[in-house]
Amino acid sequence: MTTAHANPSPGRALRVSGWILLALGLAFAILVYSAPIDSMQGVIQKILYVHVPSAFAAYLGFAITALFGILYLWRGEVRYDQVAHSSAEVGVVFCTLMIVSGPIWAKGTWGHWWVWDPRLTITLLLWFTYLAYLLLRSFTEGSERAARFAAVYGIVGVLEIPLNYYAIELFGEAAMHPDNLERDSLGDGMRWPFLISVLAGFAAFAYLLLLRVDLTRRRAILEEALLDD
Amino acid sequence: MRVLAAVLWKDLVSEWRSRERVVAMLVFSLLVVVVFHFALPGGATARNASQAPGLLWVAYVFAALLGLNRAFSIELENDAISVLALAPVDRGWVFLGKFLANFLILGAVQIVVAVVFAVFFQLDFSGIVPQFAGIVALGSAGLCSVGTFFSAMAVRTRFREVMLPLLMIPPLLPVLAAAVEATVGLFTEGKVPPGSLQLLLVADGIYCIASFILFDYVLDG
């Protein structure tokens with residue numbers, strides 16, 4: 001970590017993840033283009049290859065935010081907070097992509113832009129929670145305090161997930177999302193495009209996260225230098 | 001425990017002397033009822049009695065937001081918040097004192113608002129007052145634990161009045177959903193659905209314990 005501070009050039013991890021993303025992105029474009037068209041839903045079913053990877057990346061982002069928030073409270077090292085903050089931002093981007101791509105698919109297949117399906121509701125609440133997390137960071141005075149508050153909010157964000165799930169169950173909303181993604185739920189020839197799209201989603205998440213962490217570190221170095229002057 | 005009692009006593013006495021918060025919360029929540037009257041087709045009357053439990057909780061949340069915003073901003077005067085943070089005990093006790101004060105102040109407002117709702121919507125409270133009070137107490141415990149906790153955070157931010165609802169409403173939704181479900185059950189069937197009661201108890205427990213432990217990171221001078 002000290003080398004990252006001394007030399008603020010993009011790290012090796014960033015370069016490697018960039019190349020992986022490029023390769024997977026190309027494979028994604030080719031495979032999704034050539035993937036078979038669903039006989040029932042038509043071409044709109046191809047939103048699957050964007051929607052589900054975005055969901056996985058968003059959930060991963062929020063989990064990393066909570067984990068690194070706990071590490072920050074425990075160890076008090078700024079680098080943990082930088083990862084937590086960056087991960088929340090990237091997670092919100094993917095969550096937004098999921099929330100935008102979902103209704104387009106839903107209108108085509110379920111006939112409505114929005115239904116209060118449990119998974120949809122919980123994702124919407126998560127989206128609000130992490131928007132509040134980012135607003136809290138930008139409105140709190142003092143960087144140490146912002147980091148501390150945000151870490152605490154990240155923990156509460158995780159605590160509320162099972163409670164919200166239970167509350168939505170209590171309301172007895174009908175589940176519209178397919179229960180699982182077992183082998184049978186994907187049609188012939190869709191497994192590889194789906195697998196590659198999930199991997200491409202994770203690669204995009206990793207690249208953006210590393211890029212964002214790098215930016216945060218450069219900003220911190222610049223602020224330190226300005227303070228020294 | 002002595003810190004808890006001291007904070008509680010201080011908040012209640014200062015509220016008793018000024019009566020600022022209770023009056024503001026009460027007037028505001030009555031205004032909300034008037035807004036409901038004009039917003040609902042058919043008005044705030046017996047015709048919309050089935051909507052009353054949900055609307056009652058909306059009024060309670062609005063009243064609570066108003067009061068909770070003041071809970072820590074009053075401590076900013078003369079930098080009293082630093083003294084609270086310096087108390088040589090676990091800060092969780094300060095949280096509990098503040099929480100109880102908010103709970104009692106909100107409770108006073110809730111009683112009046114419930115009576116007003118009963119009059120306007122012609123709700124029949126006969127035989128269900130203790131159960132109703134129990135549900136309101138459980139719902140308010142969740143509301144005030146999350147609210148007191150985030151109020152201490154919001155007071156250290158810019159736009160603190162805006163920040164508090166943004167922070168507290170997403171974690172509060174399970175409590176709100178369960179409280180509404182329980183109130184609806186009580187008015188329609190005369191009994192509380194066990195699922196909603198469980199959720200209220202679990203959510204209250206988790207939020208109170210988490211707030212007690214994490215308050216150390218939130219209160220600072």
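## A:Tyr72 and its surroundings

Let's start with A:Tyr72, which counts as buried because it has 23 C-beta neighbours inside 10 Å; the label buried calls for 20 or more other C-beta atoms within 10 Å of a residue's own, exposed means 12 or fewer, partly exposed covers the values in between, and C-beta atoms are placed from the backbone. The model is a predicted one, in which local features need pLDDT of at least 70 and side-chain atom pairs count only at pLDDT 80 or more, while totals for chains, interfaces and linings use all residues. Residues are numbered from 1 along each chain as its sequence is written, chains are lettered from A, and ligands are numbered from 1, in the order in which they are written.

A:Tyr72 sits in helix 3 (residues 48-75) of chain A; helices here are DSSP runs of H or I with at least four residues, strands are runs of E with at least two, and both are numbered from the N terminus. Setting aside neighbours within four places in sequence, A:Tyr72 is in contact with A:Glu77, A:Tyr80, A:Asp81, A:Ala84, A:Ala147 and A:Ala151, where contact means that the C-beta atoms of two residues, placed from the backbone, lie within 7 Å. A:Ala29 is 43 residues away from A:Tyr72 along the chain, and their C-alpha atoms are separated by 38 Å.

## Chain A as a whole

Chain A has seven helices and zero strands. Its C-alpha atoms fill a box of roughly 65 × 45 × 25 Å along the principal axes. Of its 229 residues, 35% count as buried. Among contacts in chain A with a separation of 6 or more, 81% come from residues 24 or more positions apart.

Helix 2 (residues 12-34) of chain A has 23 residues, which at 1.5 Å a residue should span 33 Å, and its end C-alpha atoms agree by lying 33 Å apart; the expected span is 1.5 Å times one less than the number of residues. A:Ser17, A:Leu21, A:Leu24 and A:Phe28 are buried in this helix. The buried residues of helix 2 of chain A pack against helix 7 (191-228) of chain A.

## Where the chains meet

How many residues of chain A are in contact with chain B? There are 25, and they meet 25 residues of chain B. Helix 5 (118-139) and helix 6 (143-170) of chain A each supply at least two residues of the side that touches chain B, and helix 6 gives the most, with 14 residues.

## Helix 2 of chain B

Helix 2 (residues 20-39) of chain B has 20 residues and reaches 28 Å from its first C-alpha to its last, close to the 28 Å expected at 1.5 Å a residue. Its buried residues are B:Arg21, B:Met25, B:Leu26, B:Ser29 and B:Phe36. They lie on the same side of helix 2 of chain B because they cover an arc of only 125 degrees around the axis, the arc being that of the directions from the helix axis to the C-beta atoms.

On the other side of this helix, B:Val23, B:Leu31, B:Val34 and B:Phe38 are exposed. The cover over the buried residues of helix 2 of chain B includes helix 1 (2-18), helix 3 and helix 5 (91-121) of chain B.
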